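Hi,

Here is the structure I promised to pass on. Have a look, and my notes follow below.

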Amino acid sequence: MQNDKLKNYLHLHVLVFIAGFTAILGKLITINAVSLVWYRMLIATVLMFIYIKITKVNISITKKGFFKLSIAGIIIALHWITFFGSIQVSNASIALAMFSTGAFFASFIEPIIYKRKIIAYEIVFGLIVIVGIYLIVQSELKYIYGMVLGVISAFLSSLFAVLNGKFLEEHSATKISFYEFVSGVFFISIYILFFGEGFNANHFNISASDWLWLFILASVCTAYAFIASVYVMRFISPYTVVLTYNLEPIYGIILALILFPETETMSTSFYIGAFIILGVVLLNGILKNWKQSKI
């Protein structure tokens with residue numbers, strides 16, 4: 001049992017590293033954020049469908065269940081659009097630093113979904129997180145639009161992570177992921193048709209390098225990572241999953257500094273602010289685990 005628990009935690013950390021690499025791919029891919037997410041979800045959906053057919057996974061679902069997963073799929077699509085949009089209008093470091101506020105949002109969303117009380121010290125931690133964000137904003141004001149998109153992305157990420165934890169009480173990880181991605185593709189397609197440039201020749205005019213990065217993003221960083229992250233929530237709480245995913249900025253920022261030092265090197269205040277946010281998030285998790293161990 002202990003070995004299984006360790007295996008699941010190690011698996012989760014591999015997924016977090018993959019998530020950190022996602023930001024690097026977002027910087028390498030040159031198409032706009034909406035098209036990027038459309039391709040990501042479409043390719044991942046096709047790969048998932050092939051996997052479902054080969055393994056003969058049962059994906060039958062009620063209308064009510066499909067509706068709930070469809071809403072979550074739209075939330076995921078919006079999360080990725082705002083995340084990659086943040087990278088494109090600022091840089092990977094800004095997007096990842098803002099993404100680390102996700103566990104703070106989860107500490108308020110989880111009590112609503114699971115009907116438990118908000119813990120008083122989490123409010124204090126929330127105020128400290130705001131201080132960290134302030135340090136980043138005042139030192140990197142030129143990236144304010146990217147910061148706003150990053151915070152929205154973090155909120156949406158926490159929302160769908162907690163919702164998926166609830167969905168796992170009724171559905172398998174594969175079923176959840178497949179229907180969420182189908183609805184995400186449909187939602188973005190409607191947006192592109194009616195509010196974007198449509199599916200013209202320019203939409204499908206993608207370079208060979210973009211196709212390569214998109215396939216890696218859709219297969220390794222999406223189809224595999226998404227099903228696996230939902231699956232580990234059977235053994236690890238949604239909050240712990242969100243908390244662990246806050247190591248994503250650390251992995252991602254280090255990778256960005258190594259690969260793109262000319263655009264990813266930030267001010268001292270930025271790193272102090274990011275450290276404060278990450279420190280608070282990790283301290284929150286330590287306190288939660290300590291309280292649970294005493295129950």
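The largest nonpolar core has 92 residues, and M41, F84, I136 and I188 touch the most other members. A nonpolar core here is a set of buried Ala, Val, Leu, Ile, Met, Phe, Trp, Tyr and Cys residues joined through side-chain atoms within 4.5 Å, with buried meaning under 20% relative accessible area (1.4 Å probe, protein chains only).

Please keep in mind that this is a predicted model: local features need pLDDT of at least 70, side-chain atom pairs count only at pLDDT 80 or more, and totals for chains, interfaces and linings use all residues. Residues are numbered from 1 along each chain as its sequence is written, and side-chain values use heavy atoms, leaving out hydrogens and water.

Back to F84: leaving aside neighbours within four places in sequence, F84 is in contact (heavy atoms within 4.5 Å) with T22, G26, A33, L36, V37, R40 and L217. G85 sits in helix α3 (residues 63-89); helices are DSSP runs of H or I with at least four residues, numbered from the N terminus. G85 counts as buried because its relative accessibility is 10%. Not counting residues up to four places away in sequence, G85 touches A33 and L149.

There is a helix pair to look at, too. The axes of α4 (residues 92-99) and α11 (residues 248-259) come within 9 Å and cross at roughly 170°; axes are lines fitted to C-alpha atoms over the stretch in contact, with angles from 0 to 180 degrees between N-to-C directions. That makes α4 roughly antiparallel to α11 (angles over 145 degrees). In this pair, A92, S93, L96 and F99 of α4 meet E248, P249, G252, I253 and A256 of α11.

Best wishes

Methods:
Helix = DSSP H or I, 4+ residues; strand = E, 2+ residues; numbered from the N terminus. Parallel < 35°, antiparallel > 145°, perpendicular 65-115°, else oblique. Buried < 20%, exposed > 50% of the residue type's maximum accessible area, 1.4 Å probe, protein only.
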